[in-house]
Amino acid sequence: MVIKSIKEESRSFVLYCCTNNFRKPGQGKKGNILSVPGSACTNQKKPGGWKAMPYILGNETFERLATVGLLSNFMVYLMREFHMDQVSASNVLNIWSGITNFAPLVGAFISDAYAGRFRTIAVASFASFLGMIIVTLTAWIPNLQPPECKPEQQLHGHCIGPNKAQLGVLLTGLGLLSVGTGGIRPCSIPFGIDQFDPTTEEGVKGISSFFNWYYTTFTVVMLLALTLVVYIQDSVSWVLGLGIPTLLMGSSIVLFLMGTRIYVHVKPQGSVFSSIARVFVAAYKKRQLKLPEEGQEIGVFYDPPLKENVLSKLPLTNQFRFLNKASIIMENELQPDDSPKNGRLCSIQDVEELKCLIRIIPIWASGIISFTPFVQQGTFTLSQALKMDRHLGPKFKIPAGSIGIIPMITIGIFLPIYDRIIVPALRKFTKREGGITLLQRIGIGIFLSIIAMIVAGVMEKKRRTSDILNPGVAPISVFWLAPQLILIGFCEAFNILGQIEFFNKQFPEHMRSIANSLLFCSLAGASYLSSIVVNIVHHVTGGHRHPDWLTSDINAGRLDYLYYLLAGMGTFNFLYFLYVARHYRYKGNVQIAEKADPDVELSSIKP
């Protein structure tokens, strides 16, 4: 399966594209002046529009093909070329994946508050290019990898692993790739949207088409990376298989910079994280104040008109009431124009936006364990595939890294059926726009992840038994892994899509960068949790007379027990999710002109 930090992150962005809502055309454009909502400046030029798309989409396509092609088969690279056992290789990938999935949160802050999207993408692209060069050099220069291991040594596990210098060079390359991912991932889609004017009908249509092209290029990239590039790496040469993506990454930078004069450059507007921090500080400084009695709030709290980039107003709620103190107006805190004098005064909107984040944290936390099966499928599933018959016909042999295409095919087939057939059928019974609530969709995904781990354990037991009892017979087909991978595809269609849509609906529109970042943080947490579980199992389960569950020879270990352990953890997580979902309070809305969203699952009345 594709490495987590790339595969899941990329797929998450695609699902995010499918769930984004755009504003209707309105006023705001005069002549050649583009008014970007929420911007502090006005760009005196026509929007880049479709003239900029060849450069942006070309950069995005080459960058994704390069990154996915480089890392989709990386578990195999670490085990074959760097002679790592599966536990060490899994730890490297899990830790690196965690860092990479946290990086977009930092990149989004830097982009929004200081650098802007264009500069962030440009600098991050160079970082990715340097990282890929270094990783490619580890395959090209013999001194940057361990000595060659003969088949006899591999059979008995006597291969020499990497020394500190060789491992340091490899980790430097991966670190630069994390920097690149942190800058490119949170900015590429918003930068594409910046090229269109969302206040005109033509601009809205352009944004919609941009997402269609984004999804199309993503699909083509994933298919090429999981088939052609992986095949070159596995069957031709690692140098060539890593070098081609590196050259493509360099080409993407050149293509991106060629469109510099065409792009619309929106200046950074400040990060929403600053507002969140201000509420905490203000509430702490005003902790001695008493809150007014219910019904006596008028004139006590600071409630100015909404900012230009804020589209929905949130009502004052009594949940987490101590935070309401941040918006209490004290003497000399307002200027003559009713603007706050210092950072101690926050608006009701600022306070309620923070409450949205706090309310979602328990739901978000359930994603950490539920995503752990996805993480494991990107490491140990490859170890299983390497021990199985991967022949498709008498001559062609499927690369182990290409089995990650099975969940993608599952999602591609299932989502249209779900959207066009299942949802309308459910809608007749539930009377809900989405057929079921988003929390129910997430719950189904979590439950399916438990089933996927049980099936994975059963299939691994079958594979291991077959190899041990029939040593002279060809191993069983790699397609025995298909059931668990198909279930993983269903999990992603329900769980990841449900979480993205849920987060985006429970945050105000201008906080959707946080909503998207939360999913990456869940993936990062799952990577770290996976690494912890793997290391504990590796050190605890071994004994004097028997190897541990995750020993280098998976036939001697008990990988199926690890899958059952993950299923057990998932069961407890599922029960936790049911509890927090039952007690979740949905965000309210102050209805101004438009009627409520028909897909809101519970009442929008303030709690």
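Student: Is phenylalanine 320 buried, partly exposed or exposed?

Tutor: The model is a predicted one. Phenylalanine 320 has a relative accessible area of 27%, so it counts as partly exposed. The residue sits in the loop between H10 and H11.

Student: What is the phi of phenylalanine 320?

Tutor: The general idea comes first: most residues other than glycine have a negative phi. Phenylalanine 320, however, has a positive phi near 55 degrees and is not a glycine. Lysine 431 is another such case, with a positive phi of about 65 degrees. Lysine 431 is placed in the loop between helix H14 (405–430) and H15, and its relative accessible area of 68% makes it exposed.

Student: How many disulfides does a search of the whole structure find?

Tutor: In general, a disulfide is a covalent bond between the sulfur atoms of two cysteines. Here the search finds one. Cysteine 149 and cysteine 159 form a disulfide, with their sulfur atoms 1.8 Å apart. The link is left-handed, with -70 degrees about the S-S bond. Cysteine 149 belongs to the loop between helix H5 (117–140) and helix H6 (151–156), whereas cysteine 159 belongs to the loop between H6 and helix H7 (164–194); the two are ten residues apart.

Student: Which side of the burial cut-off does each of these cysteines fall on, buried or partly exposed?

Tutor: The cut-off for buried is under 20% relative accessible area. Cysteine 149, at 8%, is therefore buried, while cysteine 159, at 22%, is partly exposed. Two further cysteines may be read in this manner: cysteine 187 is buried at 1%, and cysteine 346 is buried at 0%.

Student: Why is H16 described as largely enclosed by the rest of the structure?

Tutor: The reason is that 21 of its 25 residues are buried.

Student: Which residues touch the most other members of the largest nonpolar core?

Tutor: They are Leu439, Phe502 and Phe507, in a core of 49 residues. Among the elements that give two or more residues to this core are helix H11 (348–370), H16 and helix H17 (512–540). H18 gives the most, with nine residues. Phenylalanine 507 has contacts beyond its neighbours within four places in sequence, including Cys356, Leu357, Ile360 and Leu518. A second, separate core has 46 residues, Phe74 and Leu242 among them.

Student: How many aromatic pairs are there, and how does one read their geometry?

Tutor: The count comes to 24 aromatic pairs. Tyrosine 231 and phenylalanine 396 form a stacked pair, 5.6 Å centre to centre with 20 degrees between the planes. This pair joins helix H8 (residues 201–236) to strand E2 (residues 396–397), across 165 residues. The rings of phenylalanine 414 and phenylalanine 490 have centres 5.0 Å apart and planes at 90 degrees, so that pair is edge-to-face. Phenylalanine 414 lies in helix H14 and phenylalanine 490 in helix H16, so the pair ties together parts 76 residues apart in sequence.

Conventions:
Residues numbered from 1 in each chain as written. Predicted model: local features only at pLDDT ≥ 70, side-chain atom pairs only at ≥ 80, totals over all residues. Heavy atoms only, no water. Buried < 20%, exposed > 50% of the residue type's maximum accessible area, 1.4 Å probe, protein only. Helix = DSSP H or I, 4+ residues; strand = E, 2+ residues; numbered from the N terminus. Core = buried A, V, L, I, M, F, W, Y, C linked by side-chain atoms within 4.5 Å. Contact = heavy atoms within 4.5 Å. Disulfide = S-S within 2.5 Å. Phe/Tyr/Trp six-rings, centres within 6.5 Å; stacked < 30°, edge-to-face > 60°.
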